Amino acid sequence: MDARQLKIEAARVALSHVEDGMRLGIGTGSTAEEFVRLLAARVAGGLRVVGVPTSERTAALCCELGVALTTLDETPELDLTIDGADEIDAELSLIKGGGGALLREKIVAAASSRMIAIADRSKLVDVLGRFPLPVEVNRFGLEATRRAVVRAAAGLGLNVEPTLRMTRGEPFVTDGGHLILDASFGRIPDTRALSDALHAIPGVVEHGLFLGLADTAIVAGDVGVETISAIR
């Protein structure tokens, strides 16, 4: 199977966890978009759900395909979030944010009773950090914040030179109006310590380490789809 077909298969299995009447968090990215397309077909067949999208892009796709939407102000508690991941380790800790929606993705995941991560097998890693960690930051004091990230990492024995994410020659701007620093650590042996250190920096809005949020990962590979449950 090609990469897109793997994403479709993971999304198809994830859809089997969706029940009539559920309040869903609906993720962002190429794998999540395949889930939205499959979900829309079920909705057209009579499935009743309401979703909170994690990005404007996901919201637009849901509206186009007829998936009913709500907000966290209207529906502050969700039953299930289904979203993609850039990396997944054995404890189902994730790196997310490659698409730039990490802040909304984390807020929605935290408001959900359960989170399922969907991906192809290339996203499985022994230790997080191969994929650059997105760090969403305030525009004000950008260089001071960048240097603070470098110092925080050095305090944990990590070397990194965060780079400002660009698109079409301009800084990438998130749906929340923030910027993103991509930090390539290589390996992050203590994800909780790094998470705490980044959260302690005033200019950091959020980061892409999703720890203790996903309880299930559905991973598609050439030999089939594997469902992995978190052991806590």
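Reader: What makes helix 2 roughly parallel to helix 3?

Author: In this predicted model, helix 2 and helix 3, the latter spanning residues 56-65, pack at an angle of about 20°, with their axes 10 Å apart. Angles under 35 degrees count as roughly parallel, and therefore helix 2 is called roughly parallel to helix 3.

Reader: Which residues make the contact of helix 2 with helix 3, and how do they divide by class?

Author: Helix 2 contributes Glu33, Val36, Arg37 and Ala40, while helix 3 contributes Arg57, Thr58, Leu61, Cys62 and Leu65. These residues divide into 5 nonpolar, 1 polar and 3 charged. As for handedness, helix 2 passes helix 3 in a right-handed crossing.

Reader: Which residues bring helix 1 and helix 2 into contact, and in what sense does helix 1 pass helix 2?

Author: From helix 1 the contact takes in Arg4, Lys7, Ile8, Ala11, Arg12, Ala14 and Leu15, and from helix 2 it takes in Ser30, Thr31, Glu34, Phe35, Leu38, Leu39 and Arg42. By class, this contact has 7 nonpolar, 2 polar and 5 charged residues. The crossing of helix 1 past helix 2 is right-handed.

Reader: How do you know that Lys96 and Lys106 lie over the face of Phe210?

Author: For Lys, the NZ atom must be within 6 Å of the ring centre and within 35 degrees of the ring normal. Lys96 is at 5.6 Å from the ring centre of Phe210 and lies over its face, and Lys106, at 5.0 Å from that ring centre, likewise lies over the face of Phe210.

Reader: How many aromatic pairs does the structure hold?

Author: The structure holds 0 aromatic pairs, where a pair would need ring centres within 6.5 Å.

Key
Residues numbered from 1 in each chain as written. Predicted model: local features only at pLDDT ≥ 70, side-chain atom pairs only at ≥ 80, totals over all residues. Heavy atoms only, no water. Left-handed = near helix turned anticlockwise from the far one by under 90°. Helix = DSSP H or I, 4+ residues; strand = E, 2+ residues; numbered from the N terminus. Contact = heavy atoms within 4.5 Å. Nonpolar A, V, L, I, M, F, W, Y, C, P; charged D, E, K, R; others polar. Phe/Tyr/Trp six-rings, centres within 6.5 Å; stacked < 30°, edge-to-face > 60°. Axes fitted to C-alpha atoms, helices over the stretch in contact; angles between N-to-C directions. Parallel < 35°, antiparallel > 145°, perpendicular 65-115°, else oblique.
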